[in-house]
Amino acid sequence: MSWKSTPASAERQRARLDDEFETVAKPQGLRRTSDARVVRETAASEDSADGAESSGLWQRSSEQRSSDRRGGARGRRADEASTSDGKQARKGPSLKMRAVGYLSRREHAREELARKLAAYAEDAAEVDSVLDALEKEGWLSTERFAQSLVHRRASRQGAARIVQELRQHGVDDNQVAELREQLRATEYDRALEVWKKRFSAKPEDRAAYAKQARFLASRGFAHDVIRRILGEGDED
C-alpha cells in the first residue's frame, strides 16, 4: 500500500513540528531571561561595591586630612615649646624704635637712655650699638639734653641742684662746668622770682627767716644769694 500525503496531513505535520519547536525554544528563552537578570544583579552588585569602595576612600581621605591637621597642630606646639625652652623670641618694637620713642618725647642723655633700654636688650653691646647709631644720625645728643634740662629747671631750681642732676645723667664735666657758670650768673634773679611766688614779705623773726632760707636752699640756691634776698639775719 503506497503512502501518499494529503494536504490535511501535511498541515497537521507542520503544526506538530511548530509545537515541538516552541517546546524546545521556551526553556532557552527562560535561560536567556534568567541570564539577563543575573547580569543586572551582577552589575548592581559591582556598582554597590564601587560605591562602598568610594565611600571608604572618602572616609580614609577625611581621616587623613584630620590626621594632617592634628599633626600640624602638634608641630606648631612643638615649635613653640622649643622656642620657650630656648631663647625667648623678642616681642614688640625693636630696640632702636623704643629709643626713638623715648627721644621723640624729650631729650635724653646717653647713660639715661641706656638704662631704659637695658630691660629690653640681650646684652650691653646691643644697647651700645643702637646708641652709637642714634648719635651718628643726630637723634641722641647728651649736650642737647643738658641744655634742655637747664632750660626746664632754671626757673625753679638753683645751680647746685641742676648741676647735681646733670652729673647723675653722665653729662661731661667740661659741659657741666660751663653750664654752672651760666646758672651762677643768673642765680640771684631766679632765686628772687622763686621766693616772691612763695612768700609775700621778708621774714620778721628768726623762725620765719629759717623757714624761708630752708625753702630756697632745698631748691638748690647758693647761701650767698639767699642772704642777699632775705638779709643777713641772725644766723648763717
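Select Ala133 first. Ala133 is partly exposed, at a relative accessible area of 26%; that term covers everything between buried (under 20%) and exposed (over 50%), using a 1.4 Å probe and protein chains only. Ala133 belongs to helix α4, residues 124-137. Helices here are DSSP runs of H or I, at least four residues, numbered from the N terminus.

Lys96 sits 37 residues from Ala133 in sequence, with 8.9 Å between their C-alpha atoms.

A word on the model: it is predicted, so local features need pLDDT of at least 70 and side-chain atom pairs pLDDT 80 or more, while totals for chains, interfaces and linings use all residues. Numbering runs from 1 along each chain, and side-chain values use heavy atoms, without hydrogens or water.

Next, select α5, residues 142-153. Color Thr142, Phe145, Ala146, Leu149, Val150 and Arg153, which are buried. Look down the axis: these buried residues fall within an arc of 135°, so they line one face of α5. The arc is taken from the directions from the helix axis to the C-beta atoms. On the other side, Glu143 and His151 are exposed. Show α3 (110-117), α6 (159-168) and α7 (173-185): the buried residues of α5 pack against them.

Move to the largest nonpolar core, of 15 residues. Such a core is a set of buried Ala, Val, Leu, Ile, Met, Phe, Trp, Tyr and Cys residues joined through side-chain atoms within 4.5 Å. Trp195, Leu216, Phe221, Ile226, Ile229 and Leu230 touch the most other members. Helices α8 (187-198), α9 (206-218) and α10 (223-230) each give two or more residues to this core. Apart from it lies another core, of 14 residues, including Val150 and Leu179.

Note on methods: Expected span 1.5 Å × (residues − 1). Contact = heavy atoms within 4.5 Å.
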